[in-house]
Structures are given as structure tokens and as C-alpha cells.
Amino acid sequence: MSVSVEPMSVEVPDGEPAVALRPHAEDAFAGELTALAAQDDRPRPARWKLSPWAVATYLLGGTLPDGTVITPKYVGPRRLVEVAVTTLATDRALLLLGVPGTAKTWVSEHLAAAVSGDSTLLVQGTAGTPEEAIRYGWNYAQLLAHGPSRDALVPSPVMRAMAEGMTARVEELTRIPADVQDTLITILSEKTLPIPELGQEVQAVRGFNVIATANDRDRGVNELSSALRRRFNTVVLPLPESVEAEVDIVSRRVDQLGRSLDLPAAPDGIDEIRRVVTVFRELRDGVTSDGRTKLKSPSGTLSTAEAISVVTNGLALAAHFGDGVLRAGDVAAGILGAVVRDPAADRVIWQEYLEAVVRERDGWKDFYRACREVSA
């Protein structure tokens, strides 16, 4: 069974075609994927668009023999990416585990785009995700009119991936109720999905696999059963090792987001990005970068993804209400919102950090004043 889903074309009032705010990875980086496929002469697993080597190159970046530059999609340990890609080439599913903001969803999307050329076979996990989201549902009009039939069956993204030899994605697996999670056990172990209403089954064809993501901090929400966990090879995505690595990640993503939102590039914005990253890392780690001052950590995660959001919002402020130059005042409000999640406890932690660390730091007077102003 094969079901295709075409993107819907929308016309805006002036007649120009609407542009997606966030294109899928396979669309946004179509040129790089095409260039890799053209020069990829290494063995490819069944139904893969690229070889494992080319998939890793797409994720980590590099320069092809013809001079084509492949931009890094993930900045982190190369071995982790190689293990993740190799897992997908076997019959074991892949679980990307990590704290919030470690690019689990981002890596999952780009892996699916590079392997299958389609990252849209997605199940979004929530507390209300039903079993039908993983198995299949029914078109009730067809069901009432003609009874159970293939025409009345509505395949899930996982069923479609099985039938077409594609990669399915399951986001936030530990947020899905445990009984619904266990629907995956038969799919991952037997590579088959029974349809008892029809006395039939869908068998996975070569090329099928599943990438799931889970949040470290959700342990205890809906723990994976030992039977399900055994079906996954787990790769833990760490936080960036150094300030410079995190600054590089934030800078790249802010540049990409800024271009998609038609925001001007911020000259000299790297200084404010480094400040945001430094503040987040110090509060996250509970110690200043020089190791001299112990700090209390707020309740928020202060992830790299949140740093990207703070800087992007600051860039928009600078572009629309400033002179286009990213300054301390443009990021101060965003930092306050990210740090102070609990108005009672977090505000005290933030004020102590401002007075004990930021106020005394050389070259940070403008940042201190801006933060004091929005914190008042």
C-alpha cells in the first residue's frame, strides 16, 4: 500500500505563491542533497538516497571533490553521528536522547531527509497521542458505508514508512502513554503491522526504520518498557562542550533563521551572542566560567535552542526598532524571560547573578544596565 501526500499550494492575496516559513530539511537543503547524491559513489543500503558516509557528511559538513561546500547541520562529536547513521543501516531503531535544546529533533529531521529524502513521516508524541497515530485509523464515512476495507483504512506515518521502505520519526516518545508506546514493539521486532479487522498485515520492506527522540528530563513521565527500550539503539546527544562551540551553533542557526525571516545580518552581533551563551552556560552549570564563583541554577533549562530564540528575537528588535546593530538592550529582555520561569525563586537567582557576576565583569557595564532596566 502506498499513500502519497502532496504539499498544498496556497495563494496569498496579491497572487504570489505563499512561501513556507520553515521549509522541510529536504527542501531547504535540496541543493546540497543533490550534490552529495551526484558525487556519492559508495554503497547505499536499500532505498537510501545516500550512502552512510554521505549522510554523515551532510550532517557534519564538508567540501566535496567538485568544491561544493556542505554546511554543518550538527556541531558535535563525529562518532555520535556515525553511530546514529550506522544504526539506521541495521534493523535496530534509533533513539536520540538528551536534555532539552540538544538538537534531537533537528538531527532526526536531517537524518530522515538524507536517508529517505522525506522527513515528514512524523508522529508527534503527547500525553494524548492515540494508538491510531502509530498504527492506523479509519475513514468513518467509508467505514459506515462499506464496512472495513483498505479504502476505509487511514495509514499512520509509521505504516506508510513500513510499506514504502522509508524512515519514520516519533518525537517525544516518553510523552506518549505507555500502552501506546508498546504498539511499536511488534513493529520494531517483527517488522510487521497486523490489521486484524481485515485479516491482513503490512510487512516492512527494506529501508524501513524509526528515529525516536526523548527528553532526559521527562524520565518518570512515561518510562519506556524494557522490551521497547531493547528495540532501540540509544545515542545521547550532549550539550556543546565549550563556549566557542555553542557560540558557533547559535550563530549559524540565528543566521539561517534571520535569512528566512528577512532580517538583516547583524554586524558585530557575535559579541552579544557570546554574552548570551556565557550567561546561559554559567547559570546552567552553577559556576562562573573561571570557576571562582558558585551560582544557583534557575528552574529553566537554558538550552542552546533557547539561546537561539533570545538572539533571534534581539535581532528582530534591532532591525525593526533600532539601528540594525545587535546590542545588549536587544537581548536583555529575552534573557530575563528565559531565566525567570518561576517568578519567586528564579528572580532572586537572577538578581544575585547580576549583582555578583555581571556587575563586576569588565566590558559588561552596558549589559548590566540593560538587564537592570528590564528587571526593574
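Biologist: Which residues line the largest cavity?
Modeller: Tyr74, Leu80, Val81, Ala84, Leu96, Val107, Val235 and Leu237. On a 1 Å grid over the protein atoms alone, a cavity is a set of points where a 1.4 Å probe fits but cannot get out, and lining residues have an atom within 4 Å of a point. This is a predicted model, where local features need pLDDT of at least 70, side-chain atom pairs count only at pLDDT 80 or more, and totals for chains, interfaces and linings use all residues. Residues are numbered from 1 along each chain as its sequence is written, and side-chain values use heavy atoms, leaving out hydrogens and water.

Biologist: Which helix gives the most to that lining?
Modeller: Helix H4, residues 78-88, with 3 residues. Helices here are DSSP runs of H or I, at least four residues, and strands are runs of E, at least two.

Biologist: How much space lies in there?
Modeller: About 30 Å³, taken as the space filled by probe spheres set on the points, with grid points joined across faces, edges and corners.

Biologist: OK, switching to the sheet. What's the strand order?
Modeller: S4-S7-S10-S3-S11, an open sheet of 5 strands with parallel pairing. Two strands pair if DSSP finds at least two bridges between them.

Biologist: And which are the edge strands?
Modeller: S4 (122-124) and S11 (232-236), as each pairs on one side only.

Biologist: How many bridges are there between S4 and S7?
Modeller: 3, in the parallel sense, with S7 covering residues 167-171. Gln124 has Glu171 in S7 as its bridge partner.

Notes:
On a 1 Å grid over the protein atoms alone, a cavity is a set of points where a 1.4 Å probe fits but cannot get out, and a pocket is an open set with protein on both sides within 12 Å along at least five of seven lines; lining residues have an atom within 4 Å of a point.
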